[in-house]
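Subject: Structure for you to look at

Hello,

Here is the structure I promised to pass on. Please open it alongside this email, and my notes follow below.

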Amino acid sequence: MDLDLPESALAVREGVAAVAAKYDHAYWSRCEEEHRFPQEVFDDLGAGGWFGLCVPEEYGGGGQGLLELAVANETLCASGGVAGTFFYVTTPGFGAMTLTRHGTEEQKQRILPGLAEGRVQFCFALTEPDAGSNAIEITTAARPDGDDFLVRGQKIWISNVENADWMVVVTRTTPAAEAKDELGSRTAGFTLFLVDVREAVAAGTLSYTPIPKMGSNILHSSQVFLDDVRVPSGNVIGEVDQGFSVLWDVLNPERILAASGGIGTADAALRIATDYAKERVVFGRPIGANQGLQFPLAQLKAKTELGRLMTYRAAWLFDQGRPCGNEANIAKLTGAQVGWEAANQAFQTLGGMAYSKEYPVERIFRDARIAKNIPVAEELILAHIGTQMLGLPRSY
Ligand SMILES: Cc1cc2nc3c(=O)[nH]c(=O)nc-3n(C[C@H](O)[C@H](O)[C@H](O)COP(=O)(O)OP(=O)(O)OC[C@H]3O[C@@H](n4cnc5c(N)ncnc54)[C@H](O)[C@@H]3O)c2cc1C
């Protein structure tokens, strides 16, 4: 469906689709079964310069924005299902977007060219055992030590630590209890750091343990222990104690990219379901003629297209430097819902074969479910819409 996207985004869709077409569902299912990083796709995307899509041209990238990145991510997911989101998690999302907007000139020169060439990977560490939805309560602390900072704390569920060169770590440089800005809020006192993962592992100050999980095993998600990791002050992203606004420029793109992943996943699930529903004949007619199957698929197609529009709008607003919080939240809510609902409906459409490993539905079904809980849970989005858009009282 052509939604009057700019030429740049249409070209991205075409180019990424050409790479994705080389890897069928069986490939993605094999990687998942073997808990294996999709190195071949990564190398292919790297060779095509796709990791540098939104890196500014002066650092060797394509100079595009979040809209094009969302289209690239959606296209990969439309091909392989949720697994395609490895694209934005490993490199362009947390690395390119964050540094382009908030990095110092030195940080950009140091990191962005390698990232654009697909040689440098990232991970993002916000969640802690006692602070997920309530990120404001994180306790990982960074304290000054000469020209450096020492970072100490624990993170959980951090994806891609095993491949990452850099970890964007969210810390408190002022504890929550003391952090009050002029509005009396506790959003002051946050600082984001670039932690050199390999250096910290070698120094014995950073360790991690993968968490056994239900799906999305092409990347591990790990518990991370930060034991006085030494970080030079040149690795602060943005300003010390003023990291909350930087954090929102990580979280809003993350929501928009998660939304595009859900939309692409819905595309993949609907394609599998409709192909099967046209071919499978029961009681003398294709099962897709039965409105009990056809209408839910049609409903999901409509919801997918609506979600796609809001995802593009949110990405476009971000690229314009305009507020996009409401749109990013609605896009994430809808993208996660249609990804999961389409996977669930595909499961229903395939009957018993849905349970077979011969079809990718069982994998997409498992992977799609978590999108309703992460990177932000559905209830927290509804709370945002309820309080910020409808003006209802807060629950927290
Ligand atoms: C596979 C995977 C990969 C991940 N990757 C990363 C990563 O790379 N980096 C990272 O930092 N984090 C990552 N996460 C963590 C993820 O962002 C968190 O799990 C998520 O933010 C939810 O936090 P929580 O698990 O602590 O849930 P909780 O905050 O404990 O919430 C539990 C439930 O309570 C509900 N709830 C809480 N408060 C309210 C309220 N006021 N009203 C209504 N309902 C409420 C929530 O909606 C949720 O359903 C990952 C998680 C998973 C599973």
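H35 is found in the loop between α2 and α3 (39–47), and has a positive phi of about 50 degrees although it is not a glycine. Please keep in mind throughout that this is a predicted model.

N160 also deserves a look. Its phi is near 75 degrees, again a positive value in a residue other than glycine. N160 sits in the loop between β3 and β4 (166–172). Is N160 buried or exposed? With 23 C-beta neighbours inside 10 Å, N160 counts as buried. A further backbone feature is the cis peptide bond that joins I374 and P375, with omega about -5 degrees. P375 is found in the loop between α12 (361–369) and α13. I point these out because most residues other than glycine have a negative phi, and most peptide bonds are trans.

Now to the overall layout. The domain assignment divides the protein chain into domain 1 (7–116), domain 2 (122–241) and domain 3 (245–389). The centres of domain 1 and domain 3, taken over C-alpha atoms, are separated by 20 Å. Their contact takes 28 residues from domain 1 and 27 residues from domain 3. On the domain 1 side, the elements that give two or more residues are α2 (25–34), α4 (66–80) and α6. Of these, α4 provides the largest share, 11 residues. By type, the residues on that side of domain 1 divide into 13 nonpolar, 12 polar and 3 charged.

Helix α11 (residues 325–349) and α13 pack at an angle of about 145 degrees, with their axes 10 Å apart, and α11 passes α13 in a left-handed crossing. From α11, the residues N326, N329, K332, L333 and A336 meet E378, I381, H384, I385, Q388 and M389 of α13. The residues of this contact divide into 5 nonpolar, 4 polar and 2 charged.

The other helix pair I looked at is α6 (residues 92–102) with α7 (residues 105–116). These helices pack at an angle of about 145 degrees, and their axes are 10 Å apart. Here, α6 passes α7 in a left-handed crossing. G95, A96 and L99 of α6 make the contact with Q107, K108, I111, L112 and L115 of α7. The residues of the contact divide into 5 nonpolar, 2 polar and 1 charged.

Best wishes

Terms used. Residues are numbered from 1 along each chain as its sequence is written. This is a predicted model: local features need pLDDT of at least 70, side-chain atom pairs count only at pLDDT 80 or more; totals for chains, interfaces and linings use all residues. Axes are lines fitted to C-alpha atoms, for helices over the stretch in contact, and angles run from 0 to 180 degrees between N-to-C directions. Helices (H or I, at least four residues) and strands (E, at least two) are DSSP runs, numbered from the N terminus. A crossing is left-handed if the near helix is turned anticlockwise from the far one by less than a right angle, and right-handed if clockwise. Two residues are in contact if their C-beta atoms, placed from the backbone, lie within 7 Å. Ala, Val, Leu, Ile, Met, Phe, Trp, Tyr, Cys and Pro count as nonpolar, Asp, Glu, Lys and Arg as charged, and the others, Gly among them, as polar. Domain bounds come from an automatic or database domain assignment. A residue is buried if 20 or more other C-beta atoms lie within 10 Å of its own, exposed if 12 or fewer, and partly exposed in between; C-beta atoms are placed from the backbone.
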